[in-house]
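Subject: Handover of a structure and notes on its contents

Dear colleague,

I am passing the structure below to you, together with an account of what was found in it. Please look it over before reading the notes that follow.

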Amino acid sequence: MTAGTTLPAGTTTAEHELAALQREHGRPLFALLLRLCDGDRQRAEDLVQETLVRAWQHPEALRADDFASVRPWLLTVGRRLAIDARRARQARPPEVGDAVLENARVTGDHAERAAAMLDVREAVKTLTPEHREVLVLVYFQGASVAEAAQTLGIPPGTVKSRAYYALRALRRVLPGYAADLR
């Protein structure tokens, strides 16, 4: 800051110096960080702010007589912050937006499925042996009505009626699963 410079009301020397630093070196710093951030303007702007915060936290580096310009120091700090930010992003899972989550396929919890299987097994045990045989053949083993009729040695109509009454009995025993048993 030069002698005779007047400060706007309500600003401190540090704020004034930081604003001058932003005016003088902000564009080249932003250009560098924009390239390092692969064109992500928001991330580059955040890194410019963080670089200026570091400059504010280390005024001794800005007033050193070892160099004529503070720009190399700012560019180095900005570059290091960009590298650190990139490494941090690569170290954690990628962020996803809400749109991606809305379209994501929902997979059921295996614990819920296992609990449901146990409930169904217990319910099937309450059926008569004739109903249980038909249900196991048709629904669990995937046999057709004709195949189940041939295996059990009964007419296809009997297979159908036993399957109907078995499902009806299961609906009574498993009221929470009624929609799944239709």
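Helices (H or I, at least four residues) and strands (E, at least two) are taken as DSSP runs and numbered from the N terminus. In these terms, the elements of the protein run α-α-α-α-α-α-α-α-α from the N terminus on, that is, 9 helices and 0 strands.

The model is a predicted one, in which local features need pLDDT of at least 70 and side-chain atom pairs count only at pLDDT 80 or more, while totals for chains, interfaces and linings use all residues. Residues are numbered from 1 along each chain as its sequence is written, and side-chain values use heavy atoms, with hydrogens and water left out.

Of the 182 residues of the protein, 23% count as buried.

Histidine 25 is found in helix H1 and is buried, with a relative accessible area of 5%. Its side chain makes polar contacts (a pair of N or O atoms within 3.5 Å; within protein, one must be able to donate a hydrogen and the other to accept it, and residues adjacent in sequence count only if both atoms are side-chain atoms).

The C-alpha atom of alanine 31 is separated by 8.4 Å from that of alanine 44, 13 residues apart along the chain.

Aspartate 38 is found in the loop between helix H1 (13-36) and H2. Most residues other than glycine have a negative phi. Aspartate 38, although not a glycine, has a positive phi of about 55 degrees. At 63% relative accessibility, aspartate 38 counts as exposed.

Helix H2

Aspartate 40 caps the N-terminal end of H2, with a side-chain oxygen 3.3 Å from the backbone nitrogen of glutamine 42. How far apart are the end C-alpha atoms of helix H2 (residues 41-57)? They are 24 Å apart, which agrees with the 24 Å that its 17 residues should span at 1.5 Å a residue; the expected span is 1.5 Å times one less than the number of residues.

The buried residues of H2 are Ala44, Leu47, Val48, Thr51, Leu52 and Ala55. They cover an arc of only 140 degrees around the axis, which puts them on the same side of H2; the arc is that of the directions from the helix axis to the C-beta atoms. On the other side of H2, Gln42, Gln49 and Trp56 are exposed.

Leucine 47 and arginine 80 are 33 residues apart along the chain, and their C-alpha atoms are separated by 9.9 Å. Arginine 80 lies in helix H4 (residues 71-91) and is exposed, with a relative accessible area of 52%.

Helices H7 and H8

Helix H7 (residues 129-140) and helix H8 (residues 145-152) pack at an angle of about 135 degrees, with their axes 9 Å apart. Axes here are lines fitted to C-alpha atoms, for helices over the stretch in contact, and angles run from 0 to 180 degrees between N-to-C directions. H7 and H8 are therefore oblique to each other, given that angles under 35 degrees count as roughly parallel, over 145 as roughly antiparallel, 65 to 115 as roughly perpendicular and the rest as oblique.

With kind regards

Key:
Buried < 20%, exposed > 50% of the residue type's maximum accessible area, 1.4 Å probe, protein only.
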